[in-house]
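Reader: I have a structure to look at for class, and I would like to talk it through. Could you show it to me and help me read it?

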Amino acid sequence: MAGLMGAGVVAAAQIGGASAALPVLQDEFGLSSTTAAWYLSTVSALSAVAGALLGWLGQSLGPARQVRLGLVVIVLADVAGALVDSLPGLLAARVGEGVGLVMVILAAPGLLFTVATPAHRRLVAGMWGAYMPVGAGLAALLVPLAIHWVGWPGASLLDAVVAACVLGAVVRWVPASGPARWPGSLAGLLGALRSPTVLVITGCFGLYAAQYLAVVGLLPASLVADEGVSVAAAGLLGAVVFLVNAPANLLGAYLLHRGAPLRWVIPTGCAGMAVTVWGVLDPGLPLGVRVASAVAFSFIAGLVPAALFAGVAVVSAGTGSAGAAIGLVTQGSGVGQLLGPPLVVAVGTGLGPGAAQSALLVCLAGLVALGAVLLPRGER
């Protein structure tokens, strides 16, 4: 389990590391705010386009093999990112990171859910949900320090080394084949597409991911531009904001394990996000208030992915539809991550930063809460 969690952390580091490096990349490559937002979101492009299909096909490959291959792709993409000297090359390397990320996060849950007993699947699902804040948070903390000492190319190479070490651990401790392997039948793919629970969770995850990455992912660049914070300090603050999401994932997993219904846990997280987002995005507020609001936003938001992962685990784990179901939910998340930051930046550009952006995100949070209420009664 530790090896698989490590693989998820390395995959998530591709998001947090990019967020922390945005101010430097904007300076070195001349990225506008809109281009920077698209760069941050590009890592999610593949999952946004074909997550369900890749998850379904990955079941035939075998999840353990897919995790290994995904880590190899991340290593190669990080090496390429260190060597490029143009914007097209930078974006191409970013897409490569997205390919590796998608392969890992589609395959690892299937292994974890299969080895867990039915009574503990919700708990394991919530624990898996912590891979994103832990990986993104640690990267946001360490990447600015690495850039300071060895520059952006050196930081990218260090990321490749870490990914290679985790790959070695997975090869050593995770068997190449396992009980979670299923033939990729058309029935498995259609089973996921026909499941009301999976479809609702997919939509909810997409809306959640759009909010979270737009607020937390763009925060370091916003603090540098609006508040004059140094890149290192902004990276440190961004890391803290990412990391506080992890304990809330575990809290959500525990609540679900103890019998709390999804229709309570998810709206609670959404309500907290709707209240705290106003303080994060208002450039007129003091720095301390904005950072405190961001910490509160990220923490309470952690309840939502824990519940959503648990929901999809309950209905799909150990079935021929598991890969496609996880892939479909990942696809929803990818669409949200791809479109959320550019959308929020566009609203800020057109209507002004602050209130209009917050109002948009409050509406998205309301839709996620509504989706939880609309889940089939047996899965709520």
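Author: Let us begin with a term: a residue is called buried when its relative accessible area is under 20%. Please also keep in mind that this is a predicted model.

Reader: Is Arg290 buried or exposed, then?

Author: Arg290 has a relative accessible area of 2%, which is under 20%, so Arg290 is buried.

Reader: Which helix is Arg290 in?

Author: Arg290 belongs to helix 14, which covers residues 287-301.

Reader: What does the side chain of Arg290 reach?

Author: The side chain of Arg290 comes to 2.9 Å from the backbone oxygen of Val280. There is also a polar contact of 3.1 Å between the side chains of Arg290 and Ser222. Leaving aside residues up to four places away in sequence, Arg290 touches several others, including Asp226, Glu227, Asp282 and Pro283.

Reader: How do helix 10 and helix 14 cross?

Author: Helix 10 spans residues 219-227, and its axis comes within 12 Å of the axis of helix 14, with a crossing angle of roughly 170°. An angle over 145 degrees counts as roughly antiparallel, so helix 10 and helix 14 are roughly antiparallel.

Reader: Which residues make that contact between helix 10 and helix 14?

Author: Helix 10 contributes Leu219, Ser222, Leu223, Asp226 and Glu227, while helix 14 contributes Leu287, Arg290 and Ala294. Sorted by class, this contact of helix 10 with helix 14 has four nonpolar, one polar and three charged residues.

Reader: Let me step back. How many helices and strands does the protein chain have?

Author: The protein chain has 17 helices and zero strands. Of its 380 residues, 58% are buried. Among the contacts in the chain with a separation of 6 or more, 86% are between residues 24 or more positions apart.

Reader: I would like another helix pair. At what angle do helix 13 and helix 17 cross?

Author: The axes of helix 13 (residues 262-281) and helix 17 (residues 355-374) cross at roughly 180° and come within 8 Å. Helix 13 and helix 17 are therefore roughly antiparallel. Among the residues in this contact are Ile266, Cys270 and Trp278 of helix 13, and Leu361, Val362 and Val368 of helix 17. By class, the contact of helix 13 with helix 17 has 16 nonpolar, two polar and one charged residues.

Reader: How many disulfides are there in the structure?

Author: The structure has zero disulfides. For Cys270, the nearest cysteine sulfur belongs to Cys204 and is 7.5 Å away. A disulfide requires the two sulfur atoms to be within 2.5 Å, so Cys270 is in no disulfide.

Reader: Is Cys270 buried or exposed? And what about Cys363, buried or exposed?

Author: Cys270 is buried, with a relative accessible area of 3%. Cys363 has 52% relative accessibility and counts as exposed.

Reader: Changing topic, where is His148?

Author: His148 sits in helix 7, which runs over residues 131-173. At 62% relative accessibility, His148 is exposed. From C-alpha to C-alpha, His148 and Ala232 are 8.0 Å apart in space, although 84 residues separate them in sequence.

Technical notes
Residues are numbered from 1 along each chain as its sequence is written. This is a predicted model: local features need pLDDT of at least 70, side-chain atom pairs count only at pLDDT 80 or more; totals for chains, interfaces and linings use all residues. Side-chain values use heavy atoms; hydrogens and water are left out. Axes are lines fitted to C-alpha atoms, for helices over the stretch in contact, and angles run from 0 to 180 degrees between N-to-C directions. Helices (H or I, at least four residues) and strands (E, at least two) are DSSP runs, numbered from the N terminus. Angles under 35 degrees count as roughly parallel, over 145 as roughly antiparallel, 65 to 115 as roughly perpendicular and the rest as oblique. Contact means heavy atoms within 4.5 Å. Ala, Val, Leu, Ile, Met, Phe, Trp, Tyr, Cys and Pro count as nonpolar, Asp, Glu, Lys and Arg as charged, and the others, Gly among them, as polar. Buried means under 20% relative accessible area, exposed over 50%, partly exposed in between (1.4 Å probe, protein chains only). A polar contact is a pair of N or O atoms within 3.5 Å; within protein, one must be able to donate a hydrogen and the other to accept it, and residues adjacent in sequence count only if both atoms are side-chain atoms.
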